[in-house]
Amino acid sequence: MAVHEKITIAKAINASLRASMEADPKVLVMGEDVGKLGGVFRVTDGLQKDFGEDRVIDTPLAESGIVGTAIGMALRGYRPVVEIQFDGFVFPAYDQIVTQLAKMHARALGKVKVPVVIRIPYAGGIGAVEHHSESPEALFAHVAGLKCVTPSNASDAYWMLQQAIAGDDPVIYFEPKRRYHDKSRLDTEAIPDPLHKARVTQAGSDLTLAAYGPMVKVCTDVAKVAAEEGKSVEVVDLRSLSPVDFDTVQASVEKTGRLVLVHEAPVFLGMGAEIAARITERCFYHLEAPVLRVGGFHSPYPPSRLEDEYLPGLDRVLDAVDRALAY
Amino acid sequence: MTVEGTAQRKSTRSGSKRTTAKKASPAKAKAADQAERDQLVQLLTPEGKRVEHPDYAIDLSPDELRGLYRDMVLTRKFDAEATTLQRQGELGLWASLLGQEAAQIGSGRALRDDDYVFPTYREHGVAWCRGVDPTNLLGMFRGVNHGGWDPNSNNFHLYTIVIGAQTLHATGYAMGVQKDGADSAVIAYFGDGASSQGDVAESFTFSAVYNAPVVFFCQNNQWAISEPTEKQTRVPLYQRARGFGFPGVRVDGNDVLACLAVTKAALERARTGQGPMLVEAFTYRMGAHTTSDDPTKYRADEETLAWEAKDPILRLRTYLEAEGLVDDAYLAGIEEESDALGKRVREAVRAMPDPDTMAIFENVYADGHALVDEERAQFAAYQASFADADAAAEEN
């Protein structure tokens, strides 16, 4: 079936893994509970049944071990797609990711490739206990040698994962877990956009909202409300966090003159900080207002009863839109 | 500490009646010490006497025996040359393998061409066995690259500086070998210090669970920079394997024959589907951790002297001479070869060019990256701006 009118992001990722494994026998899926259970979010549901335990590997409960052995398998010619169960659990593997995975190709002067993809369900909004709602993307985007991407809808989830797996670089693939069950359209025979290209999802002329992953939906809603108030807001879905498609953001800001960056991750030294700096440099004479950011606070992710206040929602983003438009 | 003290040191937990009771029985402790020594697989004594072991036999031709001697002498020469080059400022740093030649040559010569090695940063002898040009090892210590050789040309991975990280790569690689249905084996080198790393424990777990064809070769050289082995473990390291469900064995790491025999057996187990094995080569780091270190600050001369008496090269030479397998002409030939190697290494290092500045931006990604491209172009333009200024200055 080429067109799914309404498919969830979780199912699109499942279909994507399936397509990758069918296309290339070297593609492996590995992680905690990814086999029989199909992952704690059921994203890998049914894959072990169809591809066997040799290719869909339930691993010991040790994240550094998972990534470290994935590196070894990549050196042997495999393409492991690793699942880290939750964002907050990636840190035991951070050493392997930063000191080994990211640098191996450069250390070998290009003579080896380590095409490991690490899938991380990230960000909050699901009422979880601590360490299950974090947005650590900047900690990975900061590291040369890694690429970082995050889809916001089923079609991107499907295509971007396959593109990440087919590429020869390590990719951290952040999955917006609170959007896993959001449905959207997927055409499995479409020609996808390049992996690292941002996309204008909503055209506007007064202000640019740039977001990614789970916040794209919030920003789309903001644009609708703003339109009712007579403000024309353009929404850019960044899609790729390393590299960032600054050109697309720049083109938008040159048109609108205003930029608000939105993410769940803490504002301080987050993706928004880097983009604000670059866009200020590139668009200085086009800017009608300072670049503003809306995001998490410099605090641990709060207990879930407070997450609705902590997470940037419609009102907090609208407030930033108003502040930017007030200049 | 006593030289073999690591294994025998008893619990120092105070206040325990059981400990006190145990201490009250010196006869038992003595028997335990003896049992521990019996665990050390040895085929050639420090005095150069050939002995047999019930589990590990070896039968080498005179050529093979001489080959091991040559390997060890040339490796030591290369190592000494590198230390000198560091002292002369040609290398920024050097991690000497002095004293560990038997562990490395013995295990290195046990490997088949299709086997794969994951070294630390001190496996110069293993690299030698794999046919990696010794001068290639010096690039990272000179600061012209971070490794740079092609791991797949000799099945010898890049040196790994983050302690223990490579044991997981070796395990994953072995899992890949297993998936391929190949009968190659993988060997992961690490040290007594690394045995404390979580990655090493995780590699033991993964390799055991998947029955991966990997040999863990631990060179227990007694010192992790300044920390003795008893700061890493309360049990002999080879015994760690038991808890993970695979065998461990302690071998005399200064006995090249024993290291060869035991590693061969371990590799054979791996390639015949019997899973991982831990080999603890009990040896000694005769020199400093690296050229930046000063071992006189933390260890006694008597200890080093005691290990000097167990020198791996001397004992093989004693044996070869006693057996009439080498004569003065042969030994002189090795000396000559050794000097030639030293000269070649010196010249190669001095001639090693600094990399091109723009190499900073090379190979960061396999498929390219927009930011790297942008920064490369900006930096190139910045540098070119000086060239323009220089040209203008010349014209004026």
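Predicted model: local features only at pLDDT ≥ 70, side-chain atom pairs only at ≥ 80, totals over all residues.

Visitor: What does the secondary structure of chain A come to?

Guide: Chain A has 12 helices and 14 strands. Its radius of gyration is 19 Å, close to the 20 Å that the globule rule gives for 327 residues, so chain A is as compact as a globular protein of that length. Along the principal axes, its C-alpha atoms fill a box of roughly 60 × 45 × 40 Å.

Visitor: How much of the 327 residues in chain A do buried residues make up?

Guide: Buried residues make up 61% of them. Among the contacts in chain A with a separation of 6 or more, 82% are between residues 24 or more positions apart.

Visitor: How should I read the area buried between chain A and chain B?

Guide: The size of an interface is often given as the accessible area lost when the parts come together. Here that area is about 3600 Å², of which carbon and sulfur atoms give 56%, and the contact takes 46 residues from chain A and 42 residues from chain B.

Visitor: How many salt bridges are counted between chain A and chain B?

Guide: The count is 6 salt bridges, and one of the salt bridges joins the side chains of A:Arg278 and B:Glu374 at 3.6 Å, N to O. The rule also finds 24 residue pairs in polar contact across this interface.

Visitor: Which element gives the most to the side of chain A that touches chain B?

Guide: That is H3(A), with 10 residues. By class, this side of chain A has 18 nonpolar, 14 polar and 14 charged residues.

How values were computed:
Residues numbered from 1 in each chain as written. Chains lettered and ligands numbered in written order. Heavy atoms only, no water. Contact = heavy atoms within 4.5 Å. Buried area = accessible area lost by both parts, 1.4 Å probe. Salt bridge = Lys/Arg side-chain N within 4 Å of Asp/Glu carboxyl O. Polar contact = N/O pair within 3.5 Å; in protein donor to acceptor, adjacent residues only side chain to side chain. Helix = DSSP H or I, 4+ residues; strand = E, 2+ residues; numbered from the N terminus. Nonpolar A, V, L, I, M, F, W, Y, C, P; charged D, E, K, R; others polar. Rg over C-alpha atoms; globule rule 2.2 N^0.38 Å. Buried < 20%, exposed > 50% of the residue type's maximum accessible area, 1.4 Å probe, protein only.
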